[in-house]
Amino acid sequence: MTTNWSLKKRLSITLAIFGGLVSLVLATIIYVASHDLEARLIDDTLTAELDDYVERRQRNPQSIPEKTATIQAYVVTSEINTKHIPEAIINLKPEQHSIILDGVSYRASMRTVADQRYIVLYNTSTLQQRERSFLILLTISVILVTLISALAGRLLAARVIAPVAELALRTSELDPEDEHTLLAEEFPWIEVRRLADSSEISTHRYHALLERDSRSTR
């Protein structure tokens, strides 16, 4: 079944869809790039913290591991009691991991130096909250851009279609039996002139046919 949509409506919907798709692609790229950059910064921070703690332990074996709201460090040796260390991180492999402890998400990094295992945790819960807020902001931005594109498309379509609508109105008011008017000269747009020329050619052919019929009749 064919939908009887006006050209104006089709143009406005097309521009709205195009604006929404472009904004969605840009928002996705921004979100992915931001997430990747923050992940790299966290991993770099973990590496720097490990380097610092290993160096401090080599200078002073009694150095206390760092423990803040964001960073927590642990060292596992044969002399240290591991009861205070979460079991989930004791057997981590020497690489970086994403883990959850007591409902809190962490990024963890482990390194083995001699017979000691160094573990550093980075609390990513705050970062995840910021990412969710950022995602909501991007979603709202995509919706707003789509709405603005729809409004702009409607206004632009009205201006683009106006000459065609005017030509259609002028053509409908013409009487085929009257002397044809040069409508093309009244419009500055090339495309509309071509439509007007086509209409004038059809009218001219109709007049020529009427004249031949009149001669035949006489």
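Helices (H or I, at least four residues) and strands (E, at least two) are taken here as DSSP runs, numbered from the N terminus. The structure is a predicted model, in which local features need pLDDT of at least 70 and side-chain atom pairs count only at pLDDT 80 or more, while totals for chains, interfaces and linings use all residues. Residues are numbered from 1 along each chain as its sequence is written, and side-chain values use heavy atoms, with hydrogens and water left out.

The chain contains four helices and four strands, in the order α-β-α-β-β-β-α-α along the sequence. Of its 218 residues, 28% count as buried, where buried means under 20% relative accessible area, exposed over 50%, and partly exposed in between (1.4 Å probe, protein chains only).

Let me turn to helix H1. Leu26 lies in this helix, which spans residues 7-59. Leu26 is partly exposed, because its relative accessible area is 48%.

Two loop residues come next. Asp102 sits between strand E2 (96-101) and strand E3 (104-113). Asp102 is not a glycine, yet its phi is positive, at about 55°. With 84% relative accessibility, Asp102 counts as exposed.

Beyond its neighbours within four places in sequence, Thr124 is in contact (heavy atoms within 4.5 Å) with Ile42, Ser105, Tyr106 and Arg107.

Finally, a word on contacts across the chain. Among those with a separation of 6 or more, 55% are between residues 24 or more positions apart.
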